[in-house]
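The sequence and the structure are shown below.

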Amino acid sequence: MAASADTTVDLSRYKSTLFLTFSPASAAYAEVAAFNLASAGAVASLKLGLHRDPTTPSASLVVPAGPMASERITLEGKSTIARFLSRVLPGAAAALYAGLPVDHQLQVDEWLDLTRAASADPSAAKTAIQKLQSGSPVISTSPGSSKDLTLADLVAWDLARRHPGVSSSVDRWVETMESIPQVKEAVQRIDETLATAPLLDKYRYDIAAELVRLTNLPFEVVFPLIETKFPKDSSGCDFIVAVPRLRLPGQPAEVATDLASKFSTVRGIDKVIAAGVFVKIFVNRDMFRDALLPAILRQDTHYGFNASGFGKVAIVEFSSPNIAKPFHVGHVRSTIMGNFIQNTLGANGWETIAINYLGDWGKQYGLLAVGFAKYGSEQKLVDDPIRHLYDVYVQINRDAEEKPEIHEDARAYFKRMEDGDEEAVALWRRFRDLSIEKYRQIYGRFFVRFDEYSGESRYSAQQMRGVVNKLEEMGLLSTMEGAQVVNMKEFNLGVAIIEKKDAGGMLYISRDIAAAIDRQKTYKFDNMYYVVGTQQEHHFKQLFKVLELMGMPWAERCEHIAFGMIKSKDGNMSTRKGTVIFLEDILNHVQEAMLEVMKKNEVKFKQIQDPMSVSDLVGLTAVMVQDMSSRRVRDYAFDWDRVLAFEGDTGPYLQYAHARLCSVERNVGLDVPAGVDLTPLTEPSAAALLDILAMYPDVVRDVALTLEPCNTVSFAFRLAHAVMVALENLYVMNQPHEIAIARLAMFKAARITLGNALRSLGIRPLERM
């Protein structure tokens with residue numbers, strides 16, 4: 001029976017969103033203006049993002065499956081996108097194109113073709129603008145008004161604004177067009193999006209373009225070889241290219257010298273030198289500083305975000321505790337890492353669905369019911385349900401070691417559950433509901449949210465029988481020692497046991513197959529991540545291979561995000577043996593310890609409005625940073641001394657750095673004005689801090705590929721160290737105004753960046769501690 005009352009995630013917002021990406025070379029002014037004009041009264045929204053490659057010649061529009069398309073589609077090119085918007089949106093869309101008389105549509109088509117050709121040919125652009133100067137019957141007859149506008153107006157305006165100075169009358173017409181509110185808004189949104197291009201990428205593309213000119217190598221070969229130099233060596237270069245990796249003929253050192261001598265002047269580059277087999281590039285530090293800090297201040301909490309995942313859907317399954325068992329420290333890794341993965345994918349433009357796939361079905365619940373009949377206490381269940389159920393589970397497991405017949409009683413009870421026995425199901429549901437209620441409290445302390453609480457109980461015996469029948473129809477099942485299996489020995493994966501009748505029916509992999517197929521059908525995900533310990537590695541390899549053999553094309557986009565075990569000092573933790581450490585006990589203990597440390601500074605302690613909440617956050621940060629500081633797959637021993645440490649690279653240190661930055665802003669009593677003069681920032685500690693701030697967009701993009709939280713943690717510590725050095729050397733208080741305001745701008749940018757890094761890890765930054 002499918003006993004759980006789970007609901008699917010409402011994706012109506014995602015399905016009603018259009019995802020438009022473009023580059024400086026394909027700035028989508030006409031497309032956004034068309035959307036603004038055509039979407040009046042529509043529920044549709046438009047998200048804008050940048051292609052990483054600034055030379056990408058065409059914009060791309062992703063339309064999710066939903067009210068605007070039966071299946072997800074991707075459209076390329078200004079004319080194609082504009083036509084689509086004029087057909088599917090209800091506002092002024094008809095007037096833009098679809099509702100025009102046929103002869104007017106043909107005239108609009110002529111302009112669309114003309115501007116398409118002009119995008120790639122400067123002479124064609126000049127011809128188009130000259131034609132625009134002479135007047136065209138399809139151009140609006142109502143200057144400064146959206147009345148009578150067509151797609152021809154929009155693409156012609158788009159072209160003309162990218163080629164100013166060809167005609168003064170056309171330039172004036174462009175100004176008139178941009179007085180129309182919907183067009184003016186389009187310009188503002190496009191320009192704001194263009195300004196989000198990562199600064200380091202701008203340099204990389206300029207350097208790559210020059211190397212392509214000098215070597216005739218393909219751009220895609222050159223670009224990845226331009227490395228950011230951090231930490232900097234004594235030469236202090238900003239970018240470096242290892243010439244041997246270019247595989248050019250000749251001696252690498254001689255080639256490096258030749259390339260450096262021929263390097264043309266590139267905006268923002270001060271000098272290029274050869275150093276052995278390397279080409280070293282130095283940026284103009286003033287231009288670097290003046291471009292970086294305003295960009296961070298402008299983007300604020302979105303600094304570092306990108307659109308690489310625009311229009312894509314990812315399912316992240318994580319945490320997934322077993323009902324009626326304690327949320328122990330062993331679950332913390334899946335919860336923390338799953339939340340981090342969800343945050344990281346979101347920062348890269350993905351739509352994410354967080355699923356908590358509860359272990360809420362199976363023979364163990366029969367065992368728990370048998371144990372509750374023997375050891376259960378209604379009063380203890382009401383007072384502390386999770387801990388009491390845990391005690392019952394441990395006691396009945398100890399009994400079963402001496403009396404194996406208890407397992408038979410448990411199987412019989414679970415059979416009653418599967419058959420829908422009302423009394424058995426009611427008791428199971430009570431255990432489940434009480435457990436979920438407690439889990440939600442703990443997730444709340446972690447600021448973790450789930451879009452869906454699912455579970456093994458969601459998938460009925462009938463659904464799993466459908467999986468077995470499908471495997472049988474495809475000839476994938478065979479019988480081995482009384483069990484139905486999928487033989488995958490040729491793939492070095494052994495056999496996957498699908499059904500074992502003498503052991504109570506279908507096994508876990510059957511449910512997982514049913515769940516994966518159901519999720520693809522429901523959500524049409526692009527990627528699905530299972531955040532589960534390394535112990536389950538073989539299981540997931542078998543699961544993904546079975547799905548592949550079943551002809552599921554999306555199986556290759558399912559991934560097991562493995563992590564090592566947290567061990568007690570005496571060995572592995574075990575629920576059955578009662579050797580687990582309760583996570584709630586850990587959090588409470590750490591909170592108390594942090595509170596005692598905070599009380600030692602009476603002045604600062606009195607300034608904290610809610611010391612219990614702050615100490616809880618500091619303690620939580622300590623636990624999370626300890627967990628995420630090393631590679632996922634590494635096991636580590638849980639150690640109270642490490643959790644409670646304030647010295648060195650710890651979670652409290654990161655919170656302290658962020659709180660100090662907030663204190664600077666709070667105490668100085670100044671606001672950073674737009675266009676702030678940053679020329680006073682010339683000190684080495686300022687330069688070092690700026691270098692690290694510029695790296696953050698790289699970190700966000702790269703971590704989305706590795707899904708290793710330790711890389712973000714490492715960046716956060718680098719940044720915090722640089723912040724502390726700068727704070728010790730660059731005072732803001734009692735400084736001349738121009739120096740104070742410049743330093744304040746830098747420290748505000750550092751606070752924004754450190755806060756963004758902490759939030760991506762799932763940590764809420766503190767303003768006081």
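In this predicted model, helix α25, spanning residues 611–628, contains Ser 615. With a relative accessibility of 0%, Ser 615 is buried, because that class covers values under 20%. Beyond its neighbours within four places in sequence, Ser 615 is in contact with Gln 591, Met 594, Leu 595 and Met 598.

**Nonpolar cores**

The largest nonpolar core comprises 141 residues. Among the residues with the most contacts inside it are Phe 288, Leu 292, Phe 446 and Phe 747. Helix α30 (residues 737–760) contributes the most to this core, with 13 residues. Apart from it lies another core of 58 residues, which include Ile 81, Leu 100, Ala 124 and Ala 186. Phe 288, when neighbours within four places in sequence are left aside, is in contact with Leu 199, Leu 200, Tyr 203, Val 283, Leu 690, Asp 691 and Ala 694.

**The sheet and its helices**

Four strands form an open sheet in the order β2-β1-β3-β4, and their pairing is mixed. Strands β2 (45–50) and β4 (73–76) are at the edges; each has a single partner strand, so one side of each lacks a neighbour in the sheet. From one strand to the next, the twist averages 20°. Strand β3 (residues 60–63) runs antiparallel to β4 and is joined to it by 4 bridges. Val 62 is placed opposite Thr 74 in β4.

How values were computed: Residues are numbered from 1 along each chain as its sequence is written. This is a predicted model: local features need pLDDT of at least 70, side-chain atom pairs count only at pLDDT 80 or more; totals for chains, interfaces and linings use all residues. Side-chain values use heavy atoms; hydrogens and water are left out. A nonpolar core is a set of buried Ala, Val, Leu, Ile, Met, Phe, Trp, Tyr and Cys residues joined through side-chain atoms within 4.5 Å. Buried means under 20% relative accessible area, exposed over 50%, partly exposed in between (1.4 Å probe, protein chains only). Helices (H or I, at least four residues) and strands (E, at least two) are DSSP runs, numbered from the N terminus. Contact means heavy atoms within 4.5 Å. Two strands pair if DSSP finds at least two bridges between them. Axes are lines fitted to C-alpha atoms, for helices over the stretch in contact, and angles run from 0 to 180 degrees between N-to-C directions.
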